[in-house]
Amino acid sequence: MSFRIRKYAAIDIGSNAIRLLIASVTLFDDEPPVFKKVSLVRVPIRLGQDVFTTKEIGEVNLNRMVKSMESYALLMDVHKVETYKAYATSAMREAENGEEVARLIKSKTGINIEIIDGSHEAAIIAMTDLHSMIHDNKVYLYVDVGGGSTEFTLFAGGESKASRSFKIGTVRLLNDMVTKKLWSEAEEWIKEICQPYSKVELLGSGGNINNIYKSSEKSSGKPLSYLYLSSYYEKLQSYTYDERVYYLNLNQDRADVIIPACRIYLSAMKWSRAKNIYVPKIGLADGIIKSIFNADNR
């Protein structure tokens, strides 16, 4: 009999926040591995605010990043993490000083950051438990909304049929940086890939849809309807920012981006003619953990 517990960590450097996920993987004989979240730390450093307006990461956010990474390095040490991966997405990808920032963080904290593109991001997310929600006899449009971009993937017959990343993200929308042309491109592409199918369900991931799902008090696995999401969208808009923080108990860095996030999900539902949106509890960090495990066990 063999029994082992491995510890892995994933750092997700997004446009709206930076997350550290520490997870354990329990291995017992020939049984399937059991993944368990041990710790999740989220720091609301809005890199996208810098990058999408000034093209680079500013000094204030750079200092906050360094401090966050120093604390993440200490947390990984005390948790006895064996292996980690740190991936940066849209904001650092577009920052003119992105590579320079990555080198500085490496020299100050020892953490090596890899800047990945949209297709790599979508491929990592596909390694999560997403497939356990995908049935061979159904068609799904998977929508992962971030601060800088949104990844769309169409699944049919249990397989990925089309995937694309658009620079339509919550932080960009807040800064009025998404053109009508880009919205139209996304609309045309989604309508085109969904056109052959009579019924499409949406799968949504990202911090905002997770928050909406949690507040709906739906039992796990049950979807949100288009009607529910659109009425929640109207409710959000009827409150001021301060009221959203106070009455809806939203984090300060969530209370503004949740509105454009809702708009993206509702648009995707409308264009794909989906009546429901399912919300699996997955994200880039979960995919990173799976990718580390898979690489270790080849």
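Me: In which sense do E10 and strand E11 pair?
Reply: This is a predicted model, where local features need pLDDT of at least 70, side-chain atom pairs count only at pLDDT 80 or more, and totals for chains, interfaces and linings use all residues. Residues are numbered from 1 along each chain as its sequence is written, and side-chain values use heavy atoms, with hydrogens and water left out. Strands here are DSSP runs of at least two residues and helices (H or I) of at least four, numbered from the N terminus, and two strands pair if DSSP finds at least two bridges between them. E10 meets E11 (residues 276-278) over two bridges, and the sense is antiparallel.

Me: Which residue in E11 is the bridge partner of Ser 225?
Reply: Ser 225 sits in strand E10 (224-225). Across in E11, its bridge partner is Asn 276.

Me: Which are the edge strands of the open sheet?
Reply: Six strands line up as E8-E7-E6-E9-E11-E10, with mixed pairing.

Me: Are H9 and H10 roughly parallel or roughly perpendicular?
Reply: H9 (residues 207-216) and H10 (residues 226-238) pack with axes 12 Å apart, at an angle of about 100°. Axes are lines fitted to C-alpha atoms over the stretch in contact, and angles run from 0 to 180 degrees between N-to-C directions. Under 35 degrees counts as roughly parallel, over 145 as roughly antiparallel, 65 to 115 as roughly perpendicular and the rest as oblique. The pair is therefore roughly perpendicular.
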